[in-house]
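This briefing goes through the structure shown below, topic by topic. It begins with the contact between domains and then turns to cores and to overall chain shape.

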Amino acid sequence: MDASYNWIDEVSLLESLRGGDESAFSWLVQQYHNSMMRLALLYVQDNGLAEEVAQETWVAVLKGLNRFEGRSSIKTWIFTILTNQAKTRGRREKRTVSFSELEEALENKPTVDPKRFKPSNSAASADHWFVNPSSWKDIPEEAFLSQEMLHMVWDTVSTLPENQRVVITLRDMEGFSSNEVCNILGISETNHRVLLHRARAKVRSVLEDYLNSEN
Amino acid sequence: MVMNCKELVELVTDYLEGKLLAVDAARFEQHLSICVGCTNYLEQMRQTIHVMGYVREDALTSQQWQDLLQIFRDWKSS
């Protein structure tokens, strides 16, 4: 297996897969399996189930290869299948949340504690910061990317409401575009943005609390 | 109307995604030009997104590899 082989060209990747080239399959697995596991875990209870969902997805991908028309990227196609499999499985485990329900329930709560701002009726500087957020520019990159920090971020993401978790995972961890996220999850651009905003704001506030407590 | 901090923090993602109306984007940037707190807030959100991109899981176990390659071989021989 040549893991470093770079299948930039989706057409040739597809041809190789259809032709039964194991290195093409290995490359895909290496690229996406962990991400698939992580996404599946947002819908099902434990690692074992997530692994099953991911494996079922690979089976479905292989079986669907000849029908895949390349209207989306292979990555988007795989993750759409995964999300559907995971949702079905999660529903059976009674853990899933339907996006349409959640869209209705989208709270309009502020993402920054209102106590951080001066009251709306204060004369000159209504609704301005009491104490400005501090600049993170002087904090070294290593501090942000330390194992402790990254674990804390992942723990925070894990505690987010399910719909926010899925969106921030796909966008900011897996690097999907907003369009791809909307396609995979079947949600509107606007709702995707609201969910993403709430999720990012939560992670930011945890980082802020942590950094403040360090000093 | 002039944008205040409380309003700006809720528009950061729309701003970063390029989804604000031109008039609101102008108000947003105009506020930033006079507000250190919001400038820092925007920077913190950008840094948060940056950090999110580094959250990764471990490599696949050999058991996982074996299972997946078996799936492929089963498919190929079917």
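In this predicted model, about 1,200 Å² is buried between domain 1 of chain A and domain 2 of chain A, and carbon and sulfur atoms give 61% of that area. On the side of domain 1 of chain A, the residues that lose the most area to domain 2 of chain A are Arg38(A), Leu42(A) and Thr76(A), which together make up 45% of what that side buries. The size of an interface is often given in this way, as the accessible area lost when the parts come together.

**Domains of chain A**

- The division of chain A places residues 10–92 in domain 1 and residues 99–214 in domain 2, and the C-alpha centres of these two domains of chain A lie 28 Å apart.
- To the contact between them, domain 1 of chain A brings 13 residues and domain 2 of chain A likewise brings 13 residues.

**Nonpolar cores**

- The largest nonpolar core comprises 69 residues, and those with the most contacts inside it are Phe25(A), Leu28(A), Ile78(A), Phe79(A), Leu170(A) and Leu185(A).
- Helix 2 of chain A, which spans residues 22–40, supplies ten residues to this core, the largest share.
- Because domain 1 (10–92) and domain 2 (99–214) of chain A both give residues to this core, it lies between them.
- Apart from this core lies another one, of 20 residues, whose members include Trp129(A) as well as Val9(B), Ala25(B) and Phe28(B).
- Leu170(A), one of the residues with the most contacts inside the largest core, touches Leu39(A), Phe79(A), Gly175(A), Phe176(A), Val181(A), Ile184(A) and Leu185(A), when residues up to four places away in sequence are not counted.

**Fold and shape of chain B**

- Chain B has five helices and zero strands, so that from the N terminus on its elements run α-α-α-α-α.
- The radius of gyration of chain B is 23 Å, well over the 12 Å that the globule rule gives for 78 residues, and chain B is therefore more spread out than a compact globule.
- Taken along the principal axes, the box filled by the C-alpha atoms of chain B is roughly 70 × 25 × 15 Å.

**Burial, contacts and surface of chain B**

- Of the 78 residues in chain B, 49% are buried.
- Among the contacts in chain B with a separation of 6 or more, 54% are between residues 24 or more positions apart.
- Chain B exposes about 4,200 Å², and carbon and sulfur atoms supply 54% of this area.

Terms used: Residues are numbered from 1 along each chain as its sequence is written. Chains are lettered from A and ligands numbered from 1 in the order in which they are written. This is a predicted model: local features need pLDDT of at least 70, side-chain atom pairs count only at pLDDT 80 or more; totals for chains, interfaces and linings use all residues. Side-chain values use heavy atoms; hydrogens and water are left out. A nonpolar core is a set of buried Ala, Val, Leu, Ile, Met, Phe, Trp, Tyr and Cys residues joined through side-chain atoms within 4.5 Å. Buried means under 20% relative accessible area, exposed over 50%, partly exposed in between (1.4 Å probe, protein chains only). Helices (H or I, at least four residues) and strands (E, at least two) are DSSP runs, numbered from the N terminus. Domain bounds come from an automatic or database domain assignment. Contact means heavy atoms within 4.5 Å. The radius of gyration is taken over C-alpha atoms; the globule rule is 2.2 Å times the number of residues to the power 0.38. Accessible areas come from the Shrake-Rupley method with a 1.4 Å probe; for residues, only the protein chains shown count as cover. Buried area is the accessible area (1.4 Å probe) that two parts lose on being put together, summed over both.
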